[in-house]
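Open your viewer and have the selection tool ready. We will go from stop to stop.

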Amino acid sequence: MLCYGRFNRQQQFVIIVNNDSFPNTIDLPVDTANVPQECEMQQVMHTTGDGYSVAPVEYSVISGHIKITLAKFSAVVLKHEDRI
């Protein structure tokens with residue numbers, strides 16, 4: 001698994017890539033990417049070997065962590081945006 005984040009004062013993005021030939025589950029600390037301890041992150045894009053999806057899916061951040069399972073050879077882009 002490869003994970004990284006990009007953020008500014010209003011938006012935080014977390015990108016997670018599973019480059020293994022089997023599904024993986026990760027409990028990822030996202031507070032280091034300036035994501036709030038308790039919030040929802042929206043899926044911007046999900047890709048697999050079969051294609052991609054931009055369907056909105058929400059993931060809960062609990063105590064600064066997000067738990068997600070990715071299929072083999074897949075990736076997801078998650079976004080949190082502060083409401084000002």
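Start by selecting Tyr52, which sits in strand β5 (residues 51-53); strands are DSSP runs of E, at least two residues, numbered from the N terminus. The model is predicted: local features need pLDDT of at least 70, side-chain atom pairs count only at pLDDT 80 or more, and totals for chains, interfaces and linings use all residues. Residues are numbered from 1 along each chain as its sequence is written, and side-chain values use heavy atoms, without hydrogens and water.

Is Tyr52 buried or exposed? Tyr52 counts as exposed because its relative accessibility is 61% (exposed is over 50%, buried under 20%, partly exposed in between; 1.4 Å probe, protein chains only).

Next, select strand β7 (residues 65-70). Ile66, Ile68 and Leu70 form its covered face. His65, Lys67 and Thr69 form the uncovered one. In a regular strand, side chains alternate between the two faces of the sheet.

Find Asp27: it stands opposite Lys67 in β7.

Now go to the largest nonpolar core, with 15 residues. Such a core is a set of buried Ala, Val, Leu, Ile, Met, Phe, Trp, Tyr and Cys residues joined through side-chain atoms within 4.5 Å. Val14, Ile16, Val35 and Met41 have the most contacts inside it. β2 (11-18), β3, β4 (39-48), β7 and β8 (74-81) each give two or more residues to this core. The largest share, 3 residues, comes from β7.

How values were computed
Helix = DSSP H or I, 4+ residues; strand = E, 2+ residues; numbered from the N terminus. Pairing = 2+ DSSP bridges.
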